[in-house]
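Subject: A structure to look through

Dear colleague,

Here is the structure I promised to pass on to you, and below it I have written out what was found in it. Please keep the model open while you read, so that you can look up each place as it comes.

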Amino acid sequence: RAGGQIRQSMWSPPSRSTGRAALLGIIRRPAGALVRRAMSSSSSRPWSGASTTAVHGDASVADLYTHAHDVAPPIGVSTTFERFADEAESPSPYNYSRASVPTRERCEAVLGGIESHGGVDATATLYGSGLAAVHGAIGALLAQTPPTTGRRLRISGGYHGTHEVARALIDTGAPLSVAPLPTLDADGHLVDGEPLAPGDICWLETPKNPTAELADVAAYAALARGVPSNRECDVVVDATLAPPPLQFPLASGARLVVHSATKALAGHSDALAGVVVAASSDAELTALLRRRRAAEGGVPGSLETWLLLRSLRTLELRVARQSASADALAAWLRENGGASVVAVHRADTATRIRDSWEARQMPRGVGCVLAVELRTERMARALPQRLRLFKDATSLGGVESLAEWRRQYDDGVSPLLVRLSIGLEDAADLIADFDQALAALEHDELQQA
């Protein structure tokens with residue numbers, strides 16, 4: 001329905017110009033109310049077969065359900081979209097869901113709006129998973145580079161999946177190489193490693209998975225801007241472990257921000273998705289991301305997109321609560337871990353300097369993740385099963401707390417380390433759970449002695 005006129009059907013025999021009102025038995029009264037003639041008998045239907053009824057039996061009421069009055073957004077599951085004769089001069093933006101679909105565009109609008117609160121207008125591009133987003137970001141930056149030149153991905157540690165994406169691109173002949181990220185001091189000066197060079201992609205995962213170290217995005221962005229060349233030296237931030245409102249990397253100078261939306265953005269352990277965010281002023285890069293996404297088929301499903309959209313409504317509330325609870329547990333472990341806990345990996349927000357770069361970059365907390373190292377590998381392996389409120393499962397950012405012996409997925413991680421993702425349980429209950437678990441582990445160690 002457009003401009004108050006009833007669209008013509010594109011399928012009704014015998015004439016393609018048959019009006020939808022005549023075909024479906026719908027008339028419009030001046031007041032705008034729709035009156036539908038019953039189509040219960042075979043004589044009132046323009047078809048005779050039961051199978052046709054199964055496909056078109058709701059056509060008489062289809063125009064009523066526009067969702068204009070819905071409070072909750074609908075799940076748009078259609079993969080293809082009908083064209084109408086009156087759209088010849090102003091066609092619909094939707095034709096096939098791999099290119100565009102209303103639910104995805106609605107979710108991207110919310111994601112871009114949330115990222116814009118850092119002070120830089122942002123545009124989001126959704127993907128089918130976090131690693132699809134990583135692939136999309138690196139692939140788009142490579143596509144902007146002459147193939148004879150190539151680029152270096154400067155990366156150190158972090159999520160093993162990102163390294164796997166880089167290796168996969170290199171194996172397929174992409175003009176990409178990998179080199180360690182240079183190390184900076186607290187003032188942003190280079191202290192170790194090779195300086196950034198023209199064409200480098202500086203990949204910052206902050207906080208870093210699984211040990212939650214922070215990286216100074218503004219300092220790396222300043223170094224990238226200072227590279228003397230007409231070739232881009234780009235900073236990309238994987239902000240999965242600390243999404244908005246905890247940090248806004250575009251405002252600190254990053255060119256792209258990547259999230260595994262499966263984690264804190266979706267936040268309920270039920271949706272697989274990823275997102276790449278660019279400044280709205282970088283429209284050419286966003287257009288390239290979306291063209292490549294359509295060509296590679298890396299779009300998320302309609303249900304996953306809708307679940308993500310639903311979850312974004314409570315993002316700020318969830319993230320703030322989880323970060324505060326993680327702070328409380330980390331403080332308790334540092335004070336009460338005893339001989340069982342030999343290290344707690346998490347930025348200590350209680351002792352950081354007020355005007356430090358950490359405080360400027362992340363004034364509202366550092367996310368839901370921390371890691372602990374136990375005295376022995378046996379204790380580290382056993383801890384997730386000794387906890388009662390934590391699920392022994394991978395992933396992070398969900399409403400339920402998770403604990404995992406990380407070495408089982410990443411052999412570059414210490415065998416003593418257990419990664420913790422803090423959910424929405426009461427912090428006091430999580431602390432009590434750790435208290436009993438550590439006591440149980442010490443009892444087990446005595447039994448083994």
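**A loop residue and the helix before it**

Ala-174 lies in the loop between α6 and β5, where helices (H or I, at least four residues) and strands (E, at least two) are DSSP runs, numbered from the N terminus. Before going further, please note that this is a predicted model, in which local features need pLDDT of at least 70 and side-chain atom pairs count only at pLDDT 80 or more, while totals for chains, interfaces and linings use all residues. Residues are numbered from 1 along each chain as its sequence is written, and side-chain values use heavy atoms, with hydrogens and water left out.

Leaving aside its neighbours within four places in sequence, Ala-174 is in contact (heavy atoms within 4.5 Å) with Leu-142 and Leu-169. Ala-174 and Arg-151 are 9.4 Å apart in space, C-alpha to C-alpha, and 23 residues apart in sequence.

How far apart are the end C-alpha atoms of helix α6? They are 17 Å apart, which agrees with the 16 Å that the twelve residues of α6 (residues 160-171) should span at 1.5 Å a residue, the expected span being 1.5 Å times one less than the number of residues. The buried residues of α6 are His-160, Gly-161, Thr-162, Val-165, Ala-166 and Leu-169; here buried means under 20% relative accessible area, exposed over 50%, and partly exposed in between (1.4 Å probe, protein chains only). What covers these buried residues includes α5 (130-143), β4 (151-154), β5 (176-179), β8 (201-205) and β9 (234-238). After α6 comes Gly-173, whose phi is positive, near 90 degrees.

**Helix α12**

In helix α12 (residues 377-386), the buried residues are Met-379, Ala-380, Leu-383 and Pro-384. Why are they on the same side of α12? They cover an arc of only 135 degrees around the axis, the arc being that of the directions from the helix axis to the C-beta atoms. An α-helix has 3.6 residues a turn, so residues three or four places apart point the same way. Among what covers the buried residues of α12 are β13 (369-374), β14 (391-392), β15 (402-405), β16 (417-421) and α13 (427-448).

Two cis peptide bonds can be looked up in the loops. One joins Asn-209 and Pro-210, with omega about 5 degrees, and Pro-210 lies in the loop between β8 and α7 (217-225). Another runs from Pro-244 to Pro-245, with omega near 10 degrees, and Pro-245 is found in the loop between β9 and β10 (256-259).

Ala-212, also in the loop between β8 and α7, has a positive phi of about 65 degrees although it is not a glycine. Is Ala-212 buried or exposed? Ala-212 is buried, with a relative accessible area of 6%. Ser-395, in the loop between β14 and β15, is not a glycine either and has a positive phi of about 85 degrees, but Ser-395 is partly exposed, with a relative accessible area of 23%.

On a 1 Å grid over the protein atoms alone, a cavity is a set of points where a 1.4 Å probe fits but cannot get out, and a pocket is an open set with protein on both sides within 12 Å along at least five of seven lines; lining residues have an atom within 4 Å of a point.

The second largest pocket holds about 370 Å³ of space. Of the 20 residues that line this pocket, the closest to its centre are Leu-181, Leu-214, Ala-215, Asp-216 and Tyr-220. β8 gives the most to this lining, with three residues.

A search of the whole structure finds one cavity of 30 Å³ or more, and the largest cavity has a volume of about 40 Å³. Its lining is made up of Leu-241, Pro-243, Leu-246, Ala-264, Val-319, Gln-322, Gly-367 and Cys-368.

**The whole chain**

The secondary structure of the protein chain comes to 13 helices and 16 strands. Of its 449 residues, 47% count as buried.

With best wishes

How values were computed
Points joined across faces, edges and corners; volume = space filled by probe spheres on them.
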